[in-house]
Amino acid sequence: MINYDKFTLDNGLRVIVHEDHSTPLACINILYDVGARDEESSMTGFAHLFEHLMFGGSLNIPSYDAPLQLVGGENNAFTNNDITNYYLSLPADNIETGFWLESDRMLSLAFSEKSLEVQRNVVVEEFKQRYLNQPYGDEWLLIRPLAYTKHPYRWATIGEEISHIENARMEDVKAFFKKHYHPSNAIMVVSGDVSLTEVKRLSEKWFANIPSREKHKRNLPEEPKQNEPRFLEVFRDVPADSLTRAYHMCGRNSEHYFCHDLLSDLLGRGTSSRLHTSLVKDKTLFSSISAYVTGNIDPGLLIIQGKVNPGIEIHQADEAISEVIHNLLTNGINETELEKVKNKAESTLVFEEMSILNKAMGLAFAELLGSADQVNTETERLRKVSSDMLMAQARTILRAENCSTLYYRKNHE
């Protein structure tokens, strides 16, 4: 159980406070309700570029990192298709430094041509190193547009192509900031050795005067139902063939989400999962194989992904996956197997709640989904999944016509 208090400033900034006096540290987590799905198709990668720009100096603070390091703090951020999340931790006695830093860059970035050029080059190099010049790096650049035809999940957070970042103009960057980086589009969670009274005082002092703007209303295209199998085969300079299947599933707020999550665990989480037991241990067709869900807010994907052993034909490996799925759909699961995956999932949730940073992130994301209290009901929702519920969803999504398959093959010698 994560206890918290919540209040909202007049400018729309939602603030959540979790007091934990067992630690001398404090954490500030600010989630902005903007991700890659909010980009224009001709300007992809902007949300991620902006994550970098937010560390390039603000109106009154030329260097974000230097003042934080002076008071013993550290920080980082991440962007995905749904959100951009910034976080810092520092000794609780110095927490006002965190408020000062975060409020100034929410108020206004420096917007210098030098900072834009530097961060643009950083992101372009990241695109090349992580996605183009690394074995299997472009798998997701191929899977997304194969599985999605309309929804903006069809491009990765890094962007659809390098030119979109290279051509980013200052006026585009400023417009993106104005549209998405303001109090009513943000959720701030303060956790650790803090008090509600102090957080209220500091929030009013540093954030209350930041002008409010109207929150952007999304009108994203709905992904059409997939009615036939999709297939893509590519050849690359990689050490082994890789096989990926992507099945459309529900979004994060769906009543079926935990069915799909547990289904992926049952199929491919850990060495006792069905896919690993059958295809890695018994038949030795794969060197590794796993299954997981993307966990997107809008309808996401259940992914099965594996590396094929040398000498094994990829079509044979693919057929073996189909056999495991057919066995599941035909024979179902027993209560012992379901209880095992539930226990593993529940232990992950409990472990994540051990750090004040993870609790802050969890509270922020839950609030975005509708209510911060969802962090305290996830275990209950997970526990309610029955074998009948799970099997009904397995039959719904694990269909050939709902699947996009990528053969990522080793170049012929």
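Me: Why does Glu-323 count as partly exposed?

Reply: In this predicted model, Glu-323 has a relative accessibility of 41%. Buried means under 20% and exposed means over 50%, with partly exposed in between, so Glu-323 counts as partly exposed at 41%.

Me: What makes the pair of Lys-283 and Glu-323 a salt bridge?

Reply: The closest N and O atoms of Lys-283 and Glu-323 are 3.2 Å apart, and a salt bridge requires such atoms to be within 4 Å. Lys-283 lies in the loop between helix 10 and strand 9, and Glu-323 lies in helix 11, so the pair ties together parts that are 40 residues apart in sequence.

Me: Why is Arg-274 called buried?

Reply: The relative accessible area of Arg-274 is 16%. The limit for buried is under 20%, and Arg-274 is therefore buried. Arg-274 forms a salt bridge with Glu-337, with the closest N and O atoms 2.8 Å apart. Glu-337 also counts as buried, at 16% relative accessibility.

Me: Why are helix 9 and helix 12 described as roughly perpendicular?

Reply: Their axes cross at roughly 105°. Angles of 65 to 115 degrees count as roughly perpendicular, and helix 9 and helix 12 are therefore roughly perpendicular to each other.

Me: Which residues of helix 9 meet helix 12?

Reply: Leu-262, Asp-265 and Leu-266 in helix 9 meet Glu-337, Val-341, Lys-342 and Ala-345 in helix 12. The residues of this contact comprise four nonpolar, no polar and three charged.

Technical notes. Residues numbered from 1 in each chain as written. Predicted model: local features only at pLDDT ≥ 70, side-chain atom pairs only at ≥ 80, totals over all residues. Heavy atoms only, no water. Axes fitted to C-alpha atoms, helices over the stretch in contact; angles between N-to-C directions. Helix = DSSP H or I, 4+ residues; strand = E, 2+ residues; numbered from the N terminus. Parallel < 35°, antiparallel > 145°, perpendicular 65-115°, else oblique. Contact = heavy atoms within 4.5 Å. Nonpolar A, V, L, I, M, F, W, Y, C, P; charged D, E, K, R; others polar. Salt bridge = Lys/Arg side-chain N within 4 Å of Asp/Glu carboxyl O. Buried < 20%, exposed > 50% of the residue type's maximum accessible area, 1.4 Å probe, protein only.
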